[in-house]
Amino acid sequence: MTSIAIIGAGPQMGLAIARTFGSQGLDVALISRNRDKLDGLASTLTAEGITAAAFPADVLDHDALTRALKDAAARFDGIDVLEYSPLAIESTVLATPAESDTSHIQREIEFQLYGAMAATKAVLPAMREAGAGTLLYTTGAGSLDPLPMVANVNAAAAALRNWVVNLHKELAGTGIQAAHVAIDVALGGASIDPKLKAATPEAVSSVYWDLHTTKRDQAEIVYRG
């Protein structure tokens with residue numbers, strides 16, 4: 001298997017990760033809700049000599065997500081790396097702990113944790129059969145050090161982090177790496193926390209390659225620049 005599936009592919013981290021892995025010879029499957037944006041990203045990567053294709057799916061639709069991953073595996077003869085980092089700022093309702101009700105957190109749990117679980121279930125059997133593979137999951141640093149203003153998002157991110165670290169332990173010795181990446185910087189300089197350092201997606205993306213290649217014993221990396 002020589003491909004990476006990027007779930008939540010967008011013009012910042014998704015594109016940077018695609019370039020990092022694509023430049024090393026991996027084919028790139030781009031997955032998110034918007035076909036037009038995915039086609040644009042695929043065209044950009046193709047122009048740079050990277051084999052890439054779009055597979056539209058919403059992470060909240062587990063059947064569609066599974067189909068997209070199966071289609072990507074068929075197109076690229078398997079999926080060697082899964083990277084999960086969907087983002088939906090325009091539809092996210094932020095709530096503090098005192099303001100949160102169950103609906104605020106449930107939506108984020110479905111988006112972050114349940115979507116990751118569905119994606120993993122779609123690719124893990126083939127990785128087990130091959131005895132190799134990499135599963136990478138992205139959150140912000142609020143999964144470790146939460147901010148009250150985004151409490152509902154942080155609660156779901158913390159749940160995903162806990163699940164991934166447990167998955168890493170479960171898969172020890174199988175040849176499959178599972179790891180969590182917490183990004184504790186402001187990508188492109190924009191952040192709700194003015195104390196964060198700024199960093200480019202390209203700088204952060206090297207962490208993912210390290211986890212795939214030389215840091216396969218690590219369950220987590222917190223990127224602080």
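What follows is a chat about helix packing and nonpolar cores in a predicted model.

Visitor: Let's start with α4 and α5; at what angle do they pack, and how far apart are their axes?

Guide: Helix α4, residues 102-130, and helix α5, residues 151-170, pack at an angle of about 20°, and their axes are 7 Å apart. Angles under 35 degrees count as roughly parallel, and α4 and α5 are therefore roughly parallel to each other.

Visitor: Which residues make the contact?

Guide: On the α4 side the contact is made by H104, I105, E108, I109, Q112, L113, A116, M117, T120 and R128, while α5 brings N152, V153, A156, A157, A159, L160, W163, L167 and E170. By class, the residues of this contact of α4 with α5 divide into 12 nonpolar, four polar and three charged.

Visitor: And is that crossing left-handed or right-handed?

Guide: The crossing in which α4 passes α5 is right-handed.

Visitor: Switching to α1, how many of its residues are buried?

Guide: Nine of the 10 residues of helix α1, which covers residues 13-22, are buried, so this helix is largely enclosed by the rest of the structure. The buried residues in α1 are M13, G14, L15, A16, I17, A18, T20, F21 and G22.

Visitor: How does α1 sit against α6, then, at what angle?

Guide: Helix α1 and helix α6, residues 201-213, pack at an angle of about 50° with their axes 8 Å apart, and the two are therefore oblique to each other. Here α1 passes α6 in a right-handed crossing.

Visitor: What meets what there?

Guide: From α1, the residues M13, A16, I17, R19, T20 and F21 meet P201, E202, V204, S205, Y208, W209 and H212 of α6. Sorted by class, that contact of α1 with α6 has eight nonpolar, three polar and two charged residues.

Visitor: Now the largest nonpolar core: which residues touch the most other members?

Guide: This core has 36 residues, and those that touch the most other members are I7, I31, L69 and L135. At least two residues of the core come from each of β1, β2, α3, β4, α4, β5, α5 and β6, and the largest share, 10 residues, is supplied by α4.

Visitor: What is L135 in contact with, leaving aside its neighbours in sequence?

Guide: Leaving aside neighbours within four places in sequence, L135 is in contact with L82, T120, V123, L124, M127, L167, L171, I176, Q177, A178 and A179.

Visitor: Which residues belong to the other core?

Guide: Another core, of 32 residues, lies apart from the largest one, and among its residues are A9, L30, L38 and L211.

Methods:
Residues numbered from 1 in each chain as written. Predicted model: local features only at pLDDT ≥ 70, side-chain atom pairs only at ≥ 80, totals over all residues. Heavy atoms only, no water. Axes fitted to C-alpha atoms, helices over the stretch in contact; angles between N-to-C directions. Helix = DSSP H or I, 4+ residues; strand = E, 2+ residues; numbered from the N terminus. Parallel < 35°, antiparallel > 145°, perpendicular 65-115°, else oblique. Left-handed = near helix turned anticlockwise from the far one by under 90°. Contact = heavy atoms within 4.5 Å. Nonpolar A, V, L, I, M, F, W, Y, C, P; charged D, E, K, R; others polar. Buried < 20%, exposed > 50% of the residue type's maximum accessible area, 1.4 Å probe, protein only. Core = buried A, V, L, I, M, F, W, Y, C linked by side-chain atoms within 4.5 Å.
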